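Let's take a friendly walk through a protein model together. Please keep the sequence and the 3D view open as you read.

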Amino acid sequence: MTASAARRVQTTPFEGQKPGTSGLRKRVVVFQQEHYTENFVQAIFTAMPSPGPQDATLVVGGDGRYFVKDAVQTIIRVGAANGIAKFIIGQDGILSTPAASAVIRKRQADGGIILTASHNPGGPENDFGIKYNMRNGGPAPESVTDDIYAATRNITKYSIVDMAEPVDLSVIGTRSFGNFEVEIIDPVEDYVELLAGIFDFDLIRRFREQTP
């Protein structure tokens, strides 16, 4: 499967797209507005620290709340148009925040977009969030989130590719789409491997078995 060449879409800024260290959190219906999610995702790529999105590897996933899969598809389409070469995505769009951090570091990705509103309630009538993490796996510092906010205030267009159908997020494996590829991964495997190197699982298991 291939994607079309990138096209530019005219847009105007939305008020209040200022991210904190926990990203941008709004009601789902806000993110569902025409151009809203595309604007913010484009701003992330515009502000992405040097060398920027061209030929970069990006980790994507979230906590599975409502609108995650739609947002993942938007990130793929806008990211590909901005030069992202590879997307590493949790199966069905799911990656917990610590798991995403582990994947970014293990696979030496250039950053990640995590889709979560943390403790805020989810669902179509509740909250959604988009958060940018750096190549060290941690949340973007204020200098970067300030740049993202500035980009949201000055945006006049975003780049996006058209695809014949959405990327299948349910099947683990790697697929090429012409100028970029998408790898769907087990959402916990890399994180469990990291934890196994920190904690003695066998010792913990024996302790639990011996505890009344």
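## Before we start

A residue is called buried when its relative accessible area is under 20%, exposed when it is over 50%, and partly exposed in between, using a 1.4 Å probe and protein chains only. Helices (H or I, at least four residues) and strands (E, at least two) are DSSP runs, numbered from the N terminus.

This is a predicted model, in which local features need pLDDT of at least 70 and side-chain atom pairs count only at pLDDT 80 or more, while totals for chains, interfaces and linings use all residues. Residues are numbered from 1 along each chain as its sequence is written, and side-chain values use heavy atoms, with hydrogens and water left out.

Asp92 is placed in strand β4, and its relative accessible area of 29% makes it partly exposed.

Phe67 is also not a glycine, yet its phi is positive, at about 90°. You will find Phe67 in the loop between β3 and α3, where it counts as buried because its relative accessibility is 11%. Another spot to look for is the cis peptide bond that joins Ser50 and Pro51, with omega about 10°. Pro51 sits in the loop between α2 and β3.

## Helix α3 and its surroundings

Helix α3 covers residues 68-81, which is 14 residues. From its first C-alpha to its last it reaches 20 Å, close to the expected 20 Å at 1.5 Å a residue (the expected span is 1.5 Å times one less than the number of residues). After α3 comes Gly83, whose phi is positive, near 105°.

Is α3 mostly covered or mostly uncovered? It is mostly covered, with 11 of its 14 residues buried. Among the buried ones are Val68, Ala71, Val72, Ile75, Ile76 and Val78. The buried residues of α3 pack against helix α2 (36-47) and against the strands β3 (57-62), β4 (86-94), β5 (112-115), β6 (127-133) and β7 (157-160). Here, contact means heavy atoms within 4.5 Å.

## Where α4 meets α6

Two packed helices are described by the angle between their axes and the distance between the axes. Axes are lines fitted to C-alpha atoms, for helices over the stretch in contact, and angles run from 0 to 180 degrees between N-to-C directions. Helix α4 (residues 97-106) packs on helix α6 (residues 189-196) at about 85°, and their axes are 8 Å apart. That makes α4 roughly perpendicular to α6 (65 to 115 degrees; under 35 is roughly parallel, over 145 roughly antiparallel, and the rest oblique).

On the α4 side, the contact is made by Pro98, Ala99, Ala102, Val103, Arg105 and Lys106, and on the α6 side by Asp190, Tyr191, Glu193 and Leu194. These residues divide into 6 nonpolar, no polar and 4 charged.

Ser101 is placed in helix α4 and counts as buried, at 12% relative accessibility. Its side chain reaches the backbone oxygen of Gly137 at 3.1 Å.

Asn120 lies in the loop between β5 and β6 and counts as buried, at 17% relative accessibility. Its side chain makes a polar contact with the side chain of His119 (3.3 Å). A polar contact is a pair of N or O atoms within 3.5 Å; within protein, one must be able to donate a hydrogen and the other to accept it, and residues adjacent in sequence count only if both atoms are side-chain atoms. Leaving aside neighbours within four places in sequence, Asn120 is in contact with Arg25, Arg65 and Asp127.

For the residue classes used above, Ala, Val, Leu, Ile, Met, Phe, Trp, Tyr, Cys and Pro count as nonpolar, Asp, Glu, Lys and Arg as charged, and the others, Gly among them, as polar.
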